[in-house]
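Me: I would like to go through a protein structure with you, one topic at a time. Could you start with a term I will need?

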Amino acid sequence: MNRVFPIQNPILWLVLLTSVLLSGCVKYDVGVNFNNSNSGELVQHIKLGEQLTSFSGDYVYEWLNSIERRAQKLEGKAQRVSQEEIIVTIPFSSGGELQEKFNQFFNSRANQPSEPVQSESGSELPKIESNVILEQNNFLLLVKNRLIYDLDLRSLSLISNKGNVLANAGSILDLEFALKTPWGAKNLPQTETAIEPEKNGNQLLWKLKTGELNHIEAVFWLPSPLGIGAFLIILFVWGGLYLRYNFMPDPRIQFSPISPKAPVT
């Protein structure tokens, strides 16, 4: 038996068995939806598999409850589709607010103690680094946006004591990031190993890779309500002046005082 299965550590057997039983047990979809430069929402759809809830239901349910509480602190709302499924929506009114709320919600450093948390084996628990940057350039009627998203999932790789990869967290986690805009977006691959998104109408969908550093860049244009409103006001004023001086009589002539007639002698 040892010749066929050389792994003698029972803990490693447990990890292998768990990774098989919990295959594809967590589906986590994150979407950023833009209506215009001053309106949008951050949407998260989380669905847990039956294998995970039966294996450690109390822990995962508390995790969903914590997500709901954090969303409420950011003026968001949560819809519990079922005990294992939740949809979280967090609105934002500007690029700066999106950047602040996104990083505050997902950055693990904000939700962990300042001192490293260690497991029973003495190694630090996995930390996930998440950061989004949104650069905006205003061109009066339109706003050019450049979204940069870095997600470090290298800590999710399960490794053995000798440093060899034991199991891939990708078999347990199904992570996706979506960007939806009124006129669509363009992916900007910066490296040869960049993730190529799937395009569905005006939405780009990236399938994130666990155990790797994920880098996403995209550029898109959005209408500017303030710029469009200012342009309409200018157009309205100009149209009124044009009609006033081209199709209406001059009020200086129409309402000029009538001079009294000279008396007839």
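Predicted model: local features only at pLDDT ≥ 70, side-chain atom pairs only at ≥ 80, totals over all residues.

Me: How many salt bridges does the structure hold?
Reply: The structure holds 10 salt bridges. One of them joins the side chains of K27 and D29, with 3.6 Å from N to O.

Me: Are K27 and D29 buried, exposed or partly exposed?
Reply: K27 is partly exposed, because its relative accessibility is 32%. D29 has a relative accessible area of 17%, so D29 counts as buried; the cut-off for buried is under 20%.

Me: Which residues are linked with K27 and D29 in a network?
Reply: D174, E176 and K207 are linked with K27 and D29 in a network of salt bridges. In general, side chains of opposite charge can pair when their charged atoms come close.

Me: What about K101, which residue does its side chain meet in a salt bridge?
Reply: The side chain of K101 meets that of E75, at 3.7 Å from N to O. K101 lies in helix α3, residues 95-106, while E75 lies in the loop between α2 (50-73) and β3 (77-82), so the pair ties together parts that are 26 residues apart in sequence.

Me: And those two, buried or exposed?
Reply: K101 is buried, with a relative accessible area of 9%. E75 is exposed, with a relative accessible area of 60%.

Me: One more pair, please: what is the distance between the closest N and O atoms of D152 and R154?
Reply: In the salt bridge of D152 with R154, those atoms are 2.8 Å apart. D152 is buried, at 16% relative accessible area.

Me: Back to E75: what is its phi?
Reply: Phi of E75 is near 65 degrees, which is a positive value in a residue other than glycine. Most residues other than glycine have a negative phi. L140 also has a positive phi, about 65 degrees, and is not a glycine.

Me: Where is L140?
Reply: L140 is placed in the loop between β5 (129-139) and β6 (142-152). Its relative accessible area is 53%, so L140 is exposed.

Me: New topic: the largest nonpolar core. How many residues are in it, and which touch the most other members?
Reply: The core has 43 residues, and V32, F34, F102, F177 and L179 touch the most other members. In soluble globular proteins, nonpolar side chains tend to be buried together.

Me: What does L179 touch?
Reply: Leaving aside residues up to four places away in sequence, L179 touches V32, F34, L147, A185, N202, Q203, L204, W206, A218 and F220.

Me: Now the second largest pocket: how much space lies in it?
Reply: About 200 Å³ of space lies in that pocket. The elements giving two or more residues to its lining are β1 (26-36), β2 (39-48), β9 (173-180) and β12 (203-207). The largest share, four residues, comes from β1.

Me: Which residues line it?
Reply: The second largest pocket is lined by D29, V30, G31, N33, V43, Q44, H45, E176, F177, A178, Q203 and L205.

Me: How many of the lining residues are nonpolar, polar and charged?
Reply: Five residues of the lining are nonpolar, five are polar and two are charged.

Notes. Residues numbered from 1 in each chain as written. Heavy atoms only, no water. Core = buried A, V, L, I, M, F, W, Y, C linked by side-chain atoms within 4.5 Å. Buried < 20%, exposed > 50% of the residue type's maximum accessible area, 1.4 Å probe, protein only. Contact = heavy atoms within 4.5 Å. 1 Å grid on protein atoms, 1.4 Å probe; cavity = no way out; pocket = protein on both sides within 12 Å on 5 of 7 lines; lining within 4 Å. Points joined across faces, edges and corners; volume = space filled by probe spheres on them. Nonpolar A, V, L, I, M, F, W, Y, C, P; charged D, E, K, R; others polar. Salt bridge = Lys/Arg side-chain N within 4 Å of Asp/Glu carboxyl O.
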